[in-house]
Amino acid sequence: MSKRNALALAVIAANVAWMLAFRHAGFVPRDAPVLRGVLLYGPTLGIAAAGLIAALRGGLFTPAELGLRMPAWTLRRGPVGLVLLLIAIFLAGALIDMMVPLGTMAANGMSYDEIVDHLRHHEYRYTYGRRELPLASWDIGVEVFKSVILPPLAEEVPYRALFVPAVLSRLSRSNAALASGVIFFLLHWLVYGAQPHPAYFISGWAFAWAFMLVGLPGSIAAHAGENFGVFMLGTFAAFASSP
């Protein structure tokens with residue numbers, strides 16, 4: 001095994017080990033979202049940062065391979081164009097993640113009240129856990145930070161910045177994206193305990209393409225946008241169902 005592959009595997013293994021330990025330890029109550037966020041994502045952010053530093057200082061990956069140097073076609077757009085591109089990726093991820101479930105429910109003939117009820121039992125609980133209505137501004141702000149900002153920063157380094165260039169030495173870009181989708185699916189199913197939904201595979205596949213085409217900021221923007229879409233559905237259900 002090459003040193004590049006060993007580093008990518010070590011960072012992913014450390015990330016998975018902490019997630020599993022946190023999930024099964026049960027020492028943080030679910031009604032303490034700030035503490036849970038700090039203990040869950042603090043170590044994973046540290047693992048991601050250590051992986052990037054080791055990759056660069058050890059000369060195992062170039063900044064371009066890690067997605068830290070934007071592709072030439074994005075740089076030609078200038079700083080404003082680059083920011084607009086990242087915003088567009090973020091919004092596209094959010095809109096797709098919102099419109100697909102809403103469109104599916106509407107196509108199945110569900111009424112507005114039924115849609116809200118479904119969102120309360122799924123997206124709301126996924127986002128806010130057991131917190132009861134009405135939500136405070138603090139609850140919403142914490143979830144934006146914990147759901148939209150922290151996960152992309154913690155997950156895009158091991159599963160895109162390190163994994164994708166490591167496998168590109170043996171796989172085509174299309175197959176590397178497929179492999180990233182499989183890894184992301186298994187992560188959410190076996191590590192996070194989520195339902196084995198194909199959306200996780202599609203997300204990992206899409207984030208890998210965003211990484212290969214735009215760099216690490218692109219995959220972070222896509223990931224943050226998708227998480228923002230879930231957050232918006234859960235928040236919509238909270239306010240739509242409030243007295």
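Analyst: Let's start with the pair. α4 packs against α5 (residues 112-128) at an angle of about 135°, and their axes are 10 Å apart. Here helices are DSSP runs of H or I, at least four residues, numbered from the N terminus, while axes are lines fitted to C-alpha atoms over the stretch in contact, with angles from 0 to 180 degrees between N-to-C directions. That is why α4 and α5 count as oblique to each other, the label left after under 35 degrees (roughly parallel), over 145 (roughly antiparallel) and 65 to 115 (roughly perpendicular).

Keep in mind that this is a predicted model: local features need pLDDT of at least 70, side-chain atom pairs count only at pLDDT 80 or more, and totals for chains, interfaces and linings use all residues. Residues are numbered from 1 along each chain as its sequence is written, and side-chain values use heavy atoms, leaving out hydrogens and water.

Where the two helices meet, L102, M105 and A106 of α4 face I115, H118 and L119 of α5, contact meaning heavy atoms within 4.5 Å.

Now the inside. The largest nonpolar core has 43 residues, and F61 and L162 have the most contacts within it. Such a core is a set of buried Ala, Val, Leu, Ile, Met, Phe, Trp, Tyr and Cys residues joined through side-chain atoms within 4.5 Å; buried means under 20% relative accessible area, with a 1.4 Å probe and protein chains only. α6 gives the most to this core, 10 residues. Leaving aside residues up to four places away in sequence, L162 touches A8, V11, G51, A55, F61, L66 and V157.

Conventions: Buried < 20%, exposed > 50% of the residue type's maximum accessible area, 1.4 Å probe, protein only.
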